[in-house]
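Here is a structure to read for the first time.

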Amino acid sequence: MPSPDKEKLVLKSSFEEIERVEPFVKKLQKKSSFDDDDFSRILLVLTEAVNNAIIHGNRQNPNKKVFVDASLSDEVLKITIRDEGEGFDPDSLADPLKEENLLKEGGRGVYLIKHYTDDHQFSKNGTELMISFSLDK
């Protein structure tokens with residue numbers, strides 16, 4: 001197996017920066033040739049993770065950044081998303097599937113991340129998220 005390719009993306013903490021996520025995922029797809037189904041789930045999860053890092057992690061502070069590091073092999077894509085915020089306890093989040101939460105506007109990002117990744121791990125007090133995807137070709 002060849003050594004993994006690595007890609008990096010550094011984003012400012014503003015909504016406009018989310019537009020840079022899709023070209024980043026397209027670049028990863030071009031390097032690894034993963035299928036469009038994988039492209040869609042990776043884009044969804046990475047957009048949610050970056051959005052959470054900008055809004056909840058960095059509180060849209062223009063002086064703080066979001067760092068995205070991707071490591072790509074033939075079978076697995078690992079992405080680490082890190083913000084410069086205070087962190088949070090991912091286990092303390094409300095279950096978005098409970099009846100009292102179904103109509104709430106937010107609160108589904110971490111659920112989507114857990115559902116659409118093959119593995120996920122929060123670390124560094126919730127300021128860092130590692131997600132991985134087993135890729136179909």
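What follows takes the sheet, then the helices.

This is a predicted model in which local features need pLDDT of at least 70, side-chain atom pairs count only at pLDDT 80 or more, and totals for chains, interfaces and linings use all residues. Residues are numbered from 1 along each chain as its sequence is written, and side-chain values use heavy atoms, leaving out hydrogens and water.

Q: What makes β3 and β5 paired strands?
A: Strands are DSSP runs of E, at least two residues, numbered from the N terminus. Two strands pair if DSSP finds at least two bridges between them. β3 (residues 76-82) and β5 (residues 128-134) have 7 bridges, in the antiparallel sense. They pair.

Q: Why is one side of β1 and of β4 left without a neighbour in the sheet?
A: The open sheet has 5 strands, in the order β1-β2-β3-β5-β4. β1 (5-12) and β4 (119-123) stand at its edges, so each has a single partner strand.

Q: Which residues of α1 are called buried?
A: Buried means under 20% relative accessible area (1.4 Å probe, protein chains only). Val21, Phe24, Val25, Leu28, Gln29 and Ser32 qualify. They cover an arc of only 140 degrees around the axis, taken from the directions to the C-beta atoms, so they lie on the same side of α1.

Technical notes
Helix = DSSP H or I, 4+ residues; strand = E, 2+ residues; numbered from the N terminus. Buried < 20%, exposed > 50% of the residue type's maximum accessible area, 1.4 Å probe, protein only.
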